[in-house]
Amino acid sequence: SAAWVTCFVPIFAAIHLHVLPYDGMDILYMLGVDQHFDLSTWSPELINALVAAEVNEIGEFVRLPLIIATTPRVAHWVRGTKPPE
């Protein structure tokens, strides 16, 4: 949905552009994944996207109630009608 993508894009950009101190590959190395898998063949962009998707999902418990609460008002605003009081 648009709400999911709207949150995902800045998270991915922050990770990918090194705004945050660690990216996905750094996290995998810190966790010791390189001892079990050859990380040199893994795409850093894909790993960053997966990390961003997981971080985005953590915010779902805040985003969903917000979307549910604001959808009727936004729908009335788009239609140009007055919301019921």
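Helices H1 and H3 are oblique to each other. In this predicted model, H1 spans residues 2–16 and H3 spans residues 44–58, and the two pack at an angle of about 130° with their axes 9 Å apart. The crossing of the two helices is right-handed.

On the H1 side, the contact is made by Trp4, Cys7, Phe8, Ile11, Phe12, Ile15 and His16. These residues meet Glu45, Asn48, Ala49, Val51, Ala52, Ala53, Val55, Asn56 and Glu57 of H3. Sorted by class, the contact of H1 with H3 comprises 11 nonpolar, three polar and two charged residues.

Aromatic pairing was searched for over the whole structure, and three pairs were found. Two of them are set out below.

| Pair | Distance of ring centres | Angle of planes | Arrangement |
|---|---|---|---|
| Phenylalanine 8 and phenylalanine 12 | 5.9 Å | 15° | stacked |
| Phenylalanine 37 and tryptophan 42 | 5.8 Å | 40° | tilted |

Phenylalanine 8 and phenylalanine 12 both belong to helix H1, and because they are four residues apart, about one helical turn separates them. Together with Trp4, Phe8 and Phe12 form one aromatic cluster. Trp4, Phe8 and Phe12 are also among the H1 residues that meet H3.

Tryptophan 42, at 31% relative accessibility, counts as partly exposed.

Technical notes:
Residues numbered from 1 in each chain as written. Predicted model: local features only at pLDDT ≥ 70, side-chain atom pairs only at ≥ 80, totals over all residues. Heavy atoms only, no water. Axes fitted to C-alpha atoms, helices over the stretch in contact; angles between N-to-C directions. Parallel < 35°, antiparallel > 145°, perpendicular 65-115°, else oblique. Left-handed = near helix turned anticlockwise from the far one by under 90°. Contact = heavy atoms within 4.5 Å. Nonpolar A, V, L, I, M, F, W, Y, C, P; charged D, E, K, R; others polar. Phe/Tyr/Trp six-rings, centres within 6.5 Å; stacked < 30°, edge-to-face > 60°. Buried < 20%, exposed > 50% of the residue type's maximum accessible area, 1.4 Å probe, protein only.
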